[in-house]
Amino acid sequence: MCEFCHKHGEGKKWYLQAKNYADDLLSDIKRRSFVEKFFKYPETIASDVEKAKQISTLPPAIGAALSKRITRNQKEMHFGQVIPLEDVRKIFEFVTSIVRLECICRKTTVGNNQRYCYAVSLLPNGGQMTEIIKSIDPSYLFGPENKDLEVLSKEDTLKLFEEYEKQGMCHTVWTFGTPFISGLCNCNAPDCHAMRMTLGNKIPTMFKAEYMAAIDKDACTGCKSCMKVCQFDALIFDNTARKMSINETNCYGCGICRSVCKKNAIKLKETNQTI
Ligand code: SF4
Ligand code: SF4
């Protein structure tokens with residue numbers, strides 16, 4: 001279990017606790033103001049990632065202190081964690097509504113109409129979160145065809161998540177003023193600013209899942225399909241044995257490799273990570 005499970009989940013997976021999705025958390029002014037700024041100024045996130053690139057050029061002690069501060073702030077306000085598809089399903093069991101949104105990261109990397117983000121709420125139509133965003137710029141919420149809130153069913157959303165997984169995107173859950181969770185996204189590098197910050201700048205702003213991949217060496221045929229989809233450089237091919245193995249330091253536990261393994265040779269096991 002991660003530190004957030006201990007702090008916000010009473011020792012269970014914190015993102016599976018319905019209380020962390022409760023709209024009354026949005027009555028907190030700091031949290032509301034963060035949401036408003038986040039959606040109003042998407043370019044700020046992109047420029048923060050660019051600025052953070054300079055940290056590696058600073059004296060190590062200063063760079064380390066700045067990196068720590070960025071990570072601490074991220075944990076406090078916009079904490080992201082990788083989750084596998086089975087936990088997405090569990091979240092969908094208790095939330096009431098799902099609203100598809102434009103991805104803020106991709107808006108500033110690959111352009112508009114990249115609708116990979118999903119607001120989830122215990123209330124209908126995305127709850128107060130979508131009301132706040134609507135008050136800033138309603139175009140974020142309008143679906144391309146229905147010109148209205150793009151509210152999706154759980155079944156349709158799951159089908160899309162399965163499709164994203166086949167395309168190599170990993171599922172993530174995001175806070176807007178921790179522990180309030182209001183969004184799920186489907187991330188890939190280099191479109192995702194959190195991945196660029198975490199993997200490129202080496203400043204953690206997106207964190208590992210509560211899982212890690214494990215390979216059944218007897219079942220693995222060494223086809224390397226899994227290697228092609230792992231975004232975290234966590235698969236190592238043993239040329240002698242002609243088998244795949246996991247670099248446990250790099251593995252984020254997303255399960256994307258599992259979804260492409262035709263031999264069913266990859267499982268996710270639970271970890272006891274400290275983040
Ligand atoms: S996709 Fe499956 S069978 Fe192929 S190398 Fe990876 S673990 Fe082995
Ligand atoms: S090895 Fe598999 S579970 Fe681990 S990060 Fe890569 S794709 Fe995700």
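Modeller: The crossing of helices α2 and α7 is right-handed. In this predicted model, α2 is formed by residues 29–40 and α7 by residues 127–136. Their axes come within 9 Å and cross at roughly 50°. An angle under 35 degrees would count as roughly parallel, and one of 65 to 115 as roughly perpendicular; α2 and α7 are therefore oblique to each other. On the side of α2, the contact is made by R32, V35, E36, F39 and K40, while α7 supplies M129, I132, I133 and I136. Sorted by class, this contact of α2 with α7 has six nonpolar and three charged residues, and no polar ones.

Helix α5 covers residues 85–94 and helix α8 residues 154–166. Their axes come within 11 Å, with a crossing angle of roughly 165°. Because angles over 145 degrees count as roughly antiparallel, α5 is placed roughly antiparallel to α8. Here too the crossing is described by its hand: α5 passes α8 in a right-handed crossing. From α5, the residues L85, V88, R89 and F92 take part in the contact; from α8, the partners are K154, L158, F161 and E165. By class, the contact of α5 with α8 has five nonpolar and three charged residues, with no polar residue.

As for the chain as a whole, it is divided into domain 1, residues 3–207, and domain 2, residues 212–270. The C-alpha centres of domain 1 and domain 2 lie 27 Å apart. Nine residues from domain 1 and nine residues from domain 2 make up the contact. The side of domain 1 that touches domain 2 has five nonpolar, two polar and two charged residues.

The ligands complete the account. Around ligand 1 there are 13 residues, of which C220, C223, S225, C226 and C261 come nearest. The shell around ligand 1 comprises eight nonpolar, three polar and two charged residues. Ligand 2 likewise has 13 residues around it, and A213, C230, C251, C254 and C257 come nearest. In the shell of ligand 2 there are eleven nonpolar and two polar residues, and no charged ones.

Methods
Residues numbered from 1 in each chain as written. Chains lettered and ligands numbered in written order. Predicted model: local features only at pLDDT ≥ 70, side-chain atom pairs only at ≥ 80, totals over all residues. Near = placed C-beta within 6 Å. Nonpolar A, V, L, I, M, F, W, Y, C, P; charged D, E, K, R; others polar. Axes fitted to C-alpha atoms, helices over the stretch in contact; angles between N-to-C directions. Helix = DSSP H or I, 4+ residues; strand = E, 2+ residues; numbered from the N terminus. Left-handed = near helix turned anticlockwise from the far one by under 90°. Contact = placed C-beta atoms within 7 Å. Domains from an automatic or database assignment.
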